[in-house]
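Subject: Structure for your review

Dear colleague,

Please find the structure below, followed by an account of what was found in it. I would be grateful if you would read the two side by side.

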Amino acid sequence: MIFQPDMKQAVIKRTARKFAEERIAPAAAEMDATGRFPADLAAEMAGLQYFGLEIPPEYGGAGLNSVSYADVIEEVSRASAAMGLCISVHNSVAASPIYEFGGEFQRQRFLIPVARGEKIGTFCLTEPNAGSDASSLETVAARDGDGYVLNGNKIFVTNGGVSGTNLIFACTNPSRERKEYAVFIVESERDGVEKGPVEDMMGMRGNPVCPITLSDCRIPQENRLGEEGQGMKIALSTLGGGRIGIGAQALGIAQACLDVSVKYSKERHQFGKSLSEFAAIQGFLSDMATRIEAARLLIYRASHLRAAKLPHTAESAMAKLYASEVAVYASRVGVQIHGGYGYTKAYPIERYYRDAKVCEIYEGTSEIQRMVIARSLMGR
Ligand SMILES: Cc1cc2nc3c(=O)[nH]c(=O)nc-3n(C[C@H](O)[C@H](O)[C@H](O)COP(=O)(O)OP(=O)(O)OC[C@H]3O[C@@H](n4cnc5c(N)ncnc54)[C@H](O)[C@@H]3O)c2cc1C
């Protein structure tokens with residue numbers, strides 16, 4: 001068992017940290033305050049191949065393994081969770097399924113611009129009446145000649161406001177008792193695609209999360225990813241990898257909380273001493289550091305399994321579950337260490353506190369992750 005990154009992994013992580021600290025971090029507070037998605041930064045990230053992290057070079061990607069993919073998402077999220085969310089969703093639940101389930105035509109036509117960051121990707125599963133229970137989705141794909149007509153409402157679409165390529169999950173036999181689903185690659189400029197206003201969210205501000213409505217949207221058969229009836233299989237297998245990304249994102253937020261809390265505890269003096277000299281504060285920092293390290297090991301373990309193409313559903317769920325809870329814990333304790341100043345916008349810890357919470361909600365809530373883990377324990 002080797003706990004050291006190899007030379008290539010170390011360079012990729014170091015480069016991502018430098019870029020994130022120098023280019024992303026200075027823009028993070030403004031993104032949060034205005035909700036503006038920084039297209040210029042996204043273009044720089046595309047130049048570094050951060051929109052095609054695991055996609056092979058022949059399809060426009062960087063061809064990195066799952067460990068480096070997690071490292072890049074962690075470092076970007078440490079600077080800005082909203083930008084970390086952008087590349088996590090784009091890579092793991094938009095680019096990756098097109099590569100894994102797409103034919104050569106789809107890889108050439110849709111994957112290459114996505115992997116190059118020319119088109120930003122989305123994953124549209126959630127609907128007003130279908131959240132944790134994705135199989136209750138109501139979007140319909142009706143056969144129409146050599147294609148389909150899509151009708152339905154998708155909500156909470158990460159990257160939606162700036163997306164070019166959307167993966168839409170729809171039911172192909174709504175009148176049957178045993179429902180079947182399929183996934184469609186839907187270009188944003190297609191007739192019948194309408195984007196709603198960007199959500200006014202608690203955190204992750206700067207990521208244009210919005211609804212997407214499909215009204216009599218005609219899709220050729222060549223845009224269907226995989227077969228009819230494979231939709232839920234594609235969704236579940238994609239989310240298995242996606243959860244490593246959200247775990248890495250949570251880890252980046254937690255690490256940022258620790259970094260600013262150590263710094264603040266050394267700077268702030270009370271009772272003639274720095275906060276860092278108080279045993280209570282040292283206890284907070286030690287617990288944060290220990291939990292962060294444990295989360296990182298869970299993420300590396302799930303990433304290694306994914307890189308080796310071994311089953312990793314339960315391990316990804318554990319990594320996502322634990323890292324999300326560590327991010328929420330670290331941000332809460334971080335605010336405590338900052339005292340009253342932690343409750344103001346003078347320090348970034350209040351942003352981390354707001355950003356962290358959603359990691360326990362999207363790509364499967366913590367309750368759903370526990371269900372996934374329990375199922376594997378029961379051998380189901
Ligand atoms: C910022 C943001 C970005 C998002 N991005 C995307 C995206 O890009 N694509 C996408 O498809 N979706 C996205 N989502 C949606 C997200 O995945 C859902 O919000 C999430 O799956 C939960 O669904 P829900 O909100 O409908 O909650 P519900 O399913 O209504 O759950 C409400 C509560 O009930 C609990 N619960 C539900 N069922 C059970 C059960 N069986 N046992 C125990 N407890 C249960 C949940 O854990 C939760 O606590 C995003 C959400 C947010 C907030």
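In what follows, Ala, Val, Leu, Ile, Met, Phe, Trp, Tyr, Cys and Pro count as nonpolar, Asp, Glu, Lys and Arg as charged, and the others, Gly among them, as polar. Please bear in mind that this is a predicted model.

The protein as a whole

The protein contains ten helices and ten strands. Its radius of gyration is 21 Å, close to the 21 Å that the globule rule gives for 380 residues, so the protein is as compact as a globular protein of that length. The C-alpha trace spans about 80 × 45 × 40 Å along the principal axes. Of the 380 residues, 54% are buried. Among contacts between residues at least 6 apart in sequence, 74% join residues at least 24 apart.

The second largest pocket

Rolling a probe the size of a water molecule over the atoms shows where empty space is left. One such space is the second largest pocket, with a volume of about 560 Å³. Its lining consists of 17 residues, and the closest to the pocket centre are Ile2, Phe3, Leu297, Tyr300 and His304. Two elements each give two or more residues to this lining, namely helix H1 (7-34) and helix H7 (279-307). The largest share, seven residues, comes from H7. By class, the lining of this pocket has nine nonpolar, three polar and five charged residues.

Where does the second largest pocket lie? Domain 1 (7-120) and domain 3 (232-377) both give residues to its lining, so the pocket lies between these two domains.

The cavity

The structure also holds one cavity of 30 Å³ or more. About 40 Å³ of space lies in the largest cavity. The residues that line the largest cavity are Ala28, Met31, Asp32, Ser80, Ala81, Ala82, Met204, Arg205, Arg351 and Asp355. H1, helix H4 (81-101) and helix H9 (349-357) are the elements that give two or more residues to this lining. H1 gives the most, with three residues. Sorted by class, the cavity lining comprises five nonpolar, one polar and four charged residues.

Yours sincerely,
A colleague

Note on methods. Residues are numbered from 1 along each chain as its sequence is written. This is a predicted model: local features need pLDDT of at least 70, side-chain atom pairs count only at pLDDT 80 or more; totals for chains, interfaces and linings use all residues. Side-chain values use heavy atoms; hydrogens and water are left out. On a 1 Å grid over the protein atoms alone, a cavity is a set of points where a 1.4 Å probe fits but cannot get out, and a pocket is an open set with protein on both sides within 12 Å along at least five of seven lines; lining residues have an atom within 4 Å of a point. Grid points are joined across faces, edges and corners, and a volume is the space filled by probe spheres set on the points. Helices (H or I, at least four residues) and strands (E, at least two) are DSSP runs, numbered from the N terminus. Domain bounds come from an automatic or database domain assignment. The radius of gyration is taken over C-alpha atoms; the globule rule is 2.2 Å times the number of residues to the power 0.38. Buried means under 20% relative accessible area, exposed over 50%, partly exposed in between (1.4 Å probe, protein chains only). Contact means heavy atoms within 4.5 Å.
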